[in-house]
Amino acid sequence: MRYLNEIPYSLGIAQCLLLLLGCIVYAALAILRTSHIDIRRRRGFAAYPILAAVFCGAAAFCCASVIYQANERLPAQAYPWLPWLCLAPAAAALYCAHAARAPACCADAAAFCAFLPVTDGQVRGALLTAALLWLAARASYLLYAEFGYISRHISRLSVKDAFDNLPEGVLITDAGNAPVLVNAQMQALLASLGIGDGSGGRPLWEILCRDPLPDGISRRLVRDDLLVRTADARAWLFRRQTLDIGGAACRQIIAAEVTKQDALGARLSRRNEELDEVNRLLEEEIGRLDETEHERQIVLAKSHLHDVLGQRLSIVHQFIENPRAGAAHIGEIRELIRGIAADVKSPSAADSGEALRRLCATFYMVGTRILITGSLPDGEPQRRVLLYVIREAATNAVRHAKADEVDVTLRRQAGRLYCSISNNGAPPAGKLAEGDGIRGMRYRVEELGGTLRIVRTPRFCVRVSLPCA
């Protein structure tokens, strides 16, 4: 290293830095190359960057030492063995040139041989600077090419890199619960749970299920798996299984992130709870509807009984009080009374038109004429309701107003049915109190979406409006 005393100080510093750079790049190249090649078959390819890194490191150390001694005006050490150390990487470079048919490796060997003490002074300094520049550029190119090779081929390093980059955490332990293989995701996940990858002889699954967890972290068993919710609002599903690796029983634990699935499951659980509540309310409502329907049937039965019995008994009463009634009409009275039970059992047995005709004939027996203008509608519900209203209104006219004539007008207009029932009897005195008869008429009319009004002047009249069928 005596020539360093003969070259400028700045050039010596530059050469020292180039040697240090070469040492770092060749060391990285050695690590990458030994990670994917078979060293037993290709020793020369693996040995070349290793020898080059060792030489550059040793040369950088010696160069820095000489520069320091010269700067401090200390006696300089010569390091006579250093120039001859370059023969090792030069020989490895020649081997690579021959085995890989790479002529550039011959230039590498020549650059290393430039360290041999064949020249001196400034010539040697310039030659070494050129050689160092070549080696630094060459090592950088080889490192870049090695990265490209690894990215295009499967190697031990690429497999490890892919294993560490898995989104799932993976941990494999031997029969003694000692970790055999663990990737970066699992290490980070266990660290967030306050658990190291070393279980101290205890099964990791037992630690996950039983040991206390940090605040903000929850867990629950899902069948044979374990669901863990971490403090960062993420959910992980741990699953265990037994593996047979080379005849040895190993345990594997996989942790997969299920944050979206867990959130979806939580929403589904809330929806199920809401549906259960809705079902409960529906069951209560159905129970109330059953009670309402039962009450409705009772109201309809009472109304029908009132309708039939009231009409028949009122007519019988009027007929008895009629001075024109004689023995010749006793048979009609008996037939009228016998028909009460039949009408109560089957209120809709008779056709509506026939029922209206019989109604008119029945009232005519007691001296009351029912005059019909128009006809009943086609819709069966509307026909029944109107027949009921006509019968009830006529019965009230005979019973309360002593009417001997009832006018019924039926018409259709603008998609609605109109029915007016008036009589020539005495109008009610004072305020009209609605009894079961009027309430029954109103209930049946409103059940079909219609309206019922009572008009007292100029004649007492019941007016009904119904939507057409």
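**The aromatic cluster and its core**

A: A search of the whole structure finds 4 aromatic pairs. Here rings of Phe, Tyr and Trp (its six-membered ring) pair if their centres lie within 6.5 Å; planes under 30 degrees apart count as stacked, over 60 as edge-to-face, and the rest as tilted. Before we go in, please note that this is a predicted model, where local features need pLDDT of at least 70 and side-chain atom pairs count only at pLDDT 80 or more, while totals for chains, interfaces and linings use all residues. Residues are numbered from 1 along each chain as its sequence is written, and side-chain values use heavy atoms, with hydrogens and water left out.

Let's start with Tyr-26 and Phe-112, which make a tilted pair: 6.4 Å centre to centre, with 45° between the planes. This pair links distant parts of the chain, since Tyr-26 sits in helix H1 and Phe-112 in helix H5, 86 residues apart. Helices (H or I, at least four residues) and strands (E, at least two) are DSSP runs, numbered from the N terminus. Tyr-26 is buried, with a relative accessible area of 0%, and Phe-112 is buried with a value of 0%. Buried means under 20% relative accessible area, exposed over 50%, and partly exposed in between (1.4 Å probe, protein chains only).

Now turn to Phe-55 and Phe-115, an edge-to-face pair at 4.9 Å centre to centre and 85° between the planes. It also links distant parts of the chain: Phe-55 belongs to helix H2 and Phe-115 to the loop between H5 and H6, 60 residues apart. Phe-55 counts as buried at 1% relative accessibility, and Phe-115 counts as buried at 9%. Together with Tyr-48, the residues Tyr-26, Phe-55, Phe-112 and Phe-115 form one aromatic cluster.

What does Phe-55 touch, not counting residues up to four places away in sequence? Its partners are Leu-82, Leu-85, Cys-86, Pro-89, Phe-112 and Phe-115, where contact means heavy atoms within 4.5 Å.

Stepping back, we come to the largest nonpolar core, which has 43 residues. A nonpolar core is a set of buried Ala, Val, Leu, Ile, Met, Phe, Trp, Tyr and Cys residues joined through side-chain atoms within 4.5 Å. The members that touch the most other members are Leu-19, Tyr-26, Tyr-48, Phe-55, Phe-112 and Phe-115. Two or more residues each come from helix H1 (9–36), helix H2 (43–71), helix H4 (87–99), helix H5 (104–113) and helix H6 (121–152). H2 gives the most, with 12 residues. In soluble globular proteins, nonpolar side chains tend to be buried together.

A second, separate core of 31 residues includes Ile-390, Ala-393, Val-406 and Val-445.

Finally, a word on confidence. The chain averages a pLDDT of 80, and 79% of the residues score at least 70; pLDDT is the predictor's confidence in each residue, from 0 to 100. Over residues 1–5 the pLDDT is below 50, and this stretch has 19 contacts in the model beyond near neighbours in sequence. For residues 346–350 pLDDT stays under 50, with 4 contacts beyond four places in sequence.
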